[in-house]
Amino acid sequence: MGSALRITNGRVYDPANGVDGRVQDVCIQDAKVVAEVPADARKIDATGMVVMPGGVDIHCHIAGPKVNLARKLQPEDKRLDVVPSTPYTRSGSGGIIPSTFATGYRYAAMGYTTAMEAAVTPIGARHVLEEFHDTPIIDKGFYVLLGNNVFLYRLLKEGRREEFREAVAWWVNATKAYTVKLVNPGSDELWKGRRNANISDLNENIDQFDLTPLDVIRAFIETVNDLGLPHPAHIHCNNLGHSGNATTTLDTMRAAEGRRVHIAHVQFHSYGGEPGKNPTSRGPEIADYINSHPNITADVGQVMFGKATAMTADAPLAHLLKGVSGNKWVNADTENESGCGIVPFTYQEKVYVHALQWAIGLELFLLSKDPWRILLSTDHPNGGSFTMYPKLIRLLMDREFRNDEIRKVNQRAIRKTCLGDDLDREYTLSEVAIISRAGPARALGLKDKGHLGVGADADITIYQDDPDKEKMFSTPRYVLKDGKLIIADHEFRADHDGRVLHATPAYDPDIEKAIRPFFEDYYSIRFDNYAVSDRYLHNHQVIPGQVIPAVQP
Ligand SMILES: [Zn+2]
């Protein structure tokens, strides 16, 4: 291509390189940030504007069988939000779960250039990769669900830890995944084996396996660290949504013993109170624990008022929510690889529990001492759409706006949190750049993303500065992906194929001899047809692993 570009005179926020609002040029050659370009290079005049790396979403649900099922479940939501084609972009539909094309465009239109799909069954990997192929502009990867895998449980139960490790690596390769996801580990056996049963304690037995959730969690954290995957085990803890679940969350974080681990949508796991009764907040305690344990990263999973869709591999949770909402519900499972439940949901300001969830998310953000490790997410579409990020950023940056919003919600809930103490923190632009870009990129081990240093991917967003931060972050003036100008003056000017990001940890191919008989006994698909072939990858990039030693407590 040979295209050179210079972004001149913008206020640059590049926290990974210590640049905090300095006016400087950013030079781009082809798809990368470079030190200098020829004097006759094209220019974008960013005078008075804010320049940041493209946004990186570390946890969302945007592709695959469960996402598609949720689209089909809510035709009324799509009818209200038609996305027409333009000379550069294809048509689609929006709503709480946009169609594939609209998903890519809406992320890009918000200045986001990378998003990670956070829960995929191995059998669903092909579907995800096909939808990724139709999700334009952004780079994307996914986390494969292995935390309730019967074959892996058998290896653990029999003490075959070497083979466990090889099998985990095999599964990541076979599905083209980025890392391993655990969801409510241990619960699927109870849920499927007994009527509506769930695990509530990490030391409970997982029915016929002589194992506990704690054994499973420890084994995965250790193995994923040993394999040196770019991102550690990504864990949706047990007891999501239940009063008193902060105890399980703390137990899970302790199980890491200084090893790297990522705790997903931690807001949904920070509740006090007695099981079965109304929750209270233990947000400050969870924030403290994360603050003082540098091996832990988490995304918040902020609840935003309005439409959402609970979409989870945590089947018992979906069953519980269906009881609460009285709404439509799908519970599905293919090949017994994981649970899955979908429940359309609306978060309401005046409802005690909803207001409490909203407030706990804000507590976690406002009490965070390290923005590199408590990261921005709504667990799209579980806590609300990713298109709510600009409003969430305004809640963090603008104390007056936040206090106005706090006054509108259920006050009994606010009194259970420390938000009433007028937490006066206001996130700076640099901190916003960390929680939405530099931090997720670092937690994901994406060395070329989340920053604007030489060698970085030229994924860049340029915002018109505005005192209304929601407006500012909703409509960037320019968006570049891989150095290509996608949006200029708020309008699409090009389309683009993003890459699939995945990991390829080494494994001993002999492990297939152990896995094959299990398939022949139980799966309806032949073992030889199970691993996803390379032709599903199209544009892709293998992200090298990183081995980070455990932190001594
Ligand atoms: Zn999620």
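I count two strands as paired if DSSP finds at least two bridges between them. Helices (H or I, at least four residues) and strands (E, at least two) are DSSP runs, numbered from the N terminus.

**Ground rules**

I am reading a predicted model, with residues numbered from 1 along each chain as its sequence is written. Local features need pLDDT of at least 70, side-chain atom pairs count only at pLDDT 80 or more, totals for chains, interfaces and linings use all residues, and side-chain values use heavy atoms, with hydrogens and water left out.

**Entry: the three-stranded sheet**

I looked up the sheet with E17 first. Three strands form an open sheet, in the order E17-E19-E18, with antiparallel pairing. Its edges are strand E17 (306-312) and strand E18 (330-331), each pairing on one side only. I then traced the pairing of E17 with strand E19 (residues 341-347): seven bridges, antiparallel. Within this sheet, Thr-309 stands opposite Pro-344 in E19.

Which helix lies across these strands? I find H1 over E17, E18 and E19, running at about 55° to E19. For contact I use heavy atoms within 4.5 Å. Axes are lines fitted to C-alpha atoms, for helices over the stretch in contact, and angles run from 0 to 180 degrees between N-to-C directions.

**Entry: the zinc ion**

Which protein atoms are donors to the zinc ion? I list His-59 (NE2), His-61 (NE2) and Asp-379 (OD), at 2.0 to 2.1 Å from the zinc ion. The sequence spacing of these donor residues is H-x1-H-x317-D. His-61 and Asp-379 link distant parts of the chain, 318 residues apart. His-61 sits in the loop between strand E6 (55-60) and helix H1 (65-73). Asp-379 sits in the loop between strand E20 (374-375) and helix H13 (389-397).

I note the donor cut-off: N, O and S atoms within 2.8 Å of the metal (3.2 Å for Na, K and Ca). Water is not among the atoms, so sites may look incomplete.

Are His-61 and Asp-379 buried or exposed? His-61 is buried, at a relative accessible area of 3%. Asp-379 is also buried, at 3% relative accessibility. My classes are buried under 20% relative accessible area, exposed over 50%, and partly exposed in between (1.4 Å probe, protein chains only).

Pro-381 lies in the loop between E20 and H13. The peptide bond from His-380 to Pro-381 is cis, with omega near -5°.

I followed strand E1 (residues 4-14) into strand E2 (residues 19-29): nine bridges, antiparallel. Val-12 stands opposite Arg-22 in E2. Four residues separate E1 and E2 in a hairpin, and Gly-18 in the turn has a positive phi of about 70°.

E2 then joins strand E3 (residues 32-34) by three bridges, again running antiparallel. Cys-27 has Val-34 in E3 as its bridge partner. This hairpin has two residues between its strands, and Asp-30 in the turn has a positive phi of about 55°.

**Entry: other positive phi values**

Most residues other than glycine have a negative phi, and most peptide bonds are trans. I therefore checked the exceptions among non-glycine residues.

Asn-184 has a phi near 40°. I place Asn-184 in the loop between strand E11 (179-183) and helix H7 (187-193). Asn-184 is buried, with a relative accessible area of 0%.

His-538 has a positive phi of about 50°. His-538 is in the loop between helix H18 (511-522) and strand E26 (540-542). His-538 counts as partly exposed, at 45% relative accessibility.

**Entry: helix H3**

How many residues of helix H3 (residues 100-109) are buried? I count eight of its ten. Among them are Phe-101, Tyr-105 and Tyr-107. Gly-111 follows H3 and has a positive phi, near 90°.

**Entry: the whole chain**

The chain has 18 helices and 26 strands. Its radius of gyration, taken over C-alpha atoms, is 22 Å. I find 63% of the 553 residues buried. The C-alpha atoms fill a box of roughly 70 × 55 × 50 Å along the principal axes. Of the contacts with a separation of 6 or more, 75% come from residues 24 or more positions apart.

Key. Rg over C-alpha atoms; globule rule 2.2 N^0.38 Å.
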